[in-house]
Amino acid sequence: MDVSDVISISKPSIARTNVIDSDVEMSDTETNGAEQTSIVTPGELVTDDPVWMKGHGTYFLNDNIYSSVAGNVSRVNRLLSVIPLRGKYQPETGDHVVGRITEVGNKRWKVDIGAKQDAILMLGSVNLPGGVLRRKSESDELQMRNFLKEGDLLNAEVQSVFSNGSASLHTRSLKYGKLRNGIFLTVPSRLVVKSKNHTHKLSGDVSVILGINGFIWLSKTSTSNFTNNESNIAGNRVQSAIDGQGSYNPGVGSVSITRLEEESSWEIYSDKNEFIPTTVRDTITRYYNVIRALSYGELGITDQRITMGYQASLQYANVGKLVDKDAMEQICDDVITNEKMRGNL
Amino acid sequence: MLLSPAERQYLYDSLVQNPPIRPDARNVFQCRPLEATTTFLPSSNGSARLRMTDGAECIVSVKSKVVKTADTPNLLEVDVDVQGYRDDSNFVATLKYNLSSLLHKNFPFEALKLTSRYSYKLFIDCIVMSNTSYPLTIISMAIYLALKTTKLPKLVSEVDDVNVEEQPTFSDDWEDAKTLGEATGSDFQPPVFITLGVIGSSLLFDPSLEEEQVLENGLIVSFYDGKAQTPLQNINLALNSNKNNYKGLKSTHIVSAISMVNKYCGMIIHALDTLIDQDEGDGQVF
């Protein structure tokens, strides 16, 4: 038996990033007016040219613009801003996020989405059991904890962003709602690459939701969510009838006109997991470690990269080995080599 | 930390399986990887900094003082400071108590003896900069590294001062300073703590924050002199948890915990020693 099977202790490595440009070089590039990005640190002079307008991440002092964060300089027309390398997630309308309920309040939930302030989820912005066409009633307000309570995880979309930067969420779609059958992990929000779709089915019966806020949900691919056939709807009707016995469920017995109504039974707020086979649990841990490795290597996280990382991880039969620094670096290297070979870089 | 019921159930169901499926697929006896540096505080006799991959970080400094042996009840003083916790909080007090009792019970105090009147007193100060899971293991490993690299000045005056009233004097040359191991003349290995999580019939080394939330019980076992030692006690590792799963401890758990610690802790000590060997002569912090 090897020592590294029990623990690996290493010396801290020196930061692997390239040497940051000095001030002198930067002012050279600015006089050229080149549209390029460079890394600046807080308090560093970005420009003394008065044509630039100060944007986010900068401050203005004695006719000079300085950076207030560590990050990349971005120039859009005459607007100069610094995009921070690290920092809290900044919500934008339309973002698909994963969040955790922190508070149940008056007709609203507070949701931790990793931003500066908790986001708000209004009672009117969720699918209530019984379908969209139902009006929300006073009894819904009284039993908000039966839908979502403190600690519950959900995925949602940012509906709007208030002037103070906090967000309002909604879950008015079948792809949003409470999360089950899986495990949660976080990565720095900057690493999640925005794309059209943030829910991905991966091989091995595993699904992943890559929240733009860096909250990630890995779960067993649900049998009911992605199939769209008659038998399933019928099954749900039976299920909701069972669920409904002796409890509050308006709309369940009535004739339905949309599938949304069928799906919006109490089932969507259930806390019960499906049966998850051991093989799926093992696969989930492998994906979990692959995502952690990508995050360790500061690689942007996309479903292709997760798949590539998964392929690269297969050389390690013992998944537990993937927590080691060497293995994580190996996986990142493999992913980058793979992308280069495909010509993606 | 609050988990949703579905998450909690998933974690619990994975961990009670045999063998348990830990979220990061570690083996039951596998600890999380660490990054460590030693001898970086210039004004301390020994120091160590330990960082875990989840961001937990701990700095330990060992300082020494010459005291009259007769006037000093204990020659080791441990102080713990955890960011975000009051010094008089239960959490910090428990950590401090555990570490003090571990070191008082298992330490070669003869290494600190200078003359028949005087001794060194060691002050071990631990700062936990950030922690997610229960920080006892990381603190005790940092103490191990700091004590192993502690260098004490060489005594140049007479060792026997029973009849002569004499202040001890020390060599000016720092190169002459001896580590505690050299002072005892044997292989000096300070004691360490290992935290184990109990779930179902399994025991998990070094449980992570998520695992702690669903554990049925927790154990801390000390390891010294090549085998498991006292103090050995059970503890609730999950802070601020409503302890849904908290259960009693079976005697078989304790027996298997001791045998696991006997089997695998030697390797942890070995890994720590290897790091010290690599770190010699390199005074860089980062």
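**Entry 1: overall form of chain B**

I note at the outset that the model is predicted. I began with the secondary structure of chain B and found six helices and eleven strands. I then took the extent along the principal axes, where the C-alpha atoms of chain B fill a box of roughly 70 × 40 × 35 Å. Next I looked up the radius of gyration, which is 20 Å for chain B. A compact globule of 286 residues would have a value near 19 Å, so the two agree.

**Entry 2: burial and contacts**

I asked what share of chain B is buried. Buried residues account for 44% of its 286 residues. I also looked at contacts in chain B with a separation of 6 or more, and 69% of these join residues 24 or more positions apart.

**Entry 3: domains of chain B**

I consulted the domain assignment, which divides chain B into domain 1 (1-30 + 191-281) and domain 2 (33-186). Domain 1 is therefore written as two segments, and domain 2 as one. Taken over C-alpha atoms, the centres of domain 1 and domain 2 of chain B are separated by 26 Å. At the boundary, I found 22 residues of domain 1 in contact with 23 residues of domain 2.

Which elements supply at least two residues each to the side of domain 1 of chain B that touches domain 2? I listed strand 8 (192-199), helix 5 (209-214), strand 10 (217-224), strand 11 (227-235) and helix 6 of chain B. By residue class, this side of domain 1 divides into 14 nonpolar, five polar and three charged residues.

**Entry 4: contact between chains A and B**

I turned to the contact between the chains, which takes 36 residues from chain B and 35 residues from chain A. On the side of chain B that touches chain A, at least two residues each come from helix 1 (5-16), strand 1 (34-38) and helix 6 (251-279) of chain B. Helix 6 of chain B gives the largest share of that side, nine residues.

**Entry 5: strand pairing across the chains**

I finally examined strand 1 of chain B for pairing with chain A. Strand 1 of chain A (residues 9-10) runs parallel to strand 1 of chain B, and two bridges join them. Which residue of chain A stands opposite Glu35(B)? I identified Ser10(A) as the residue opposite Glu35(B), which lies in strand 1 of chain B.

Technical notes. Residues are numbered from 1 along each chain as its sequence is written. Chains are lettered from A and ligands numbered from 1 in the order in which they are written. This is a predicted model: local features need pLDDT of at least 70, side-chain atom pairs count only at pLDDT 80 or more; totals for chains, interfaces and linings use all residues. Helices (H or I, at least four residues) and strands (E, at least two) are DSSP runs, numbered from the N terminus. The radius of gyration is taken over C-alpha atoms; the globule rule is 2.2 Å times the number of residues to the power 0.38. A residue is buried if 20 or more other C-beta atoms lie within 10 Å of its own, exposed if 12 or fewer, and partly exposed in between; C-beta atoms are placed from the backbone. Two residues are in contact if their C-beta atoms, placed from the backbone, lie within 7 Å. Two strands pair if DSSP finds at least two bridges between them. Ala, Val, Leu, Ile, Met, Phe, Trp, Tyr, Cys and Pro count as nonpolar, Asp, Glu, Lys and Arg as charged, and the others, Gly among them, as polar.
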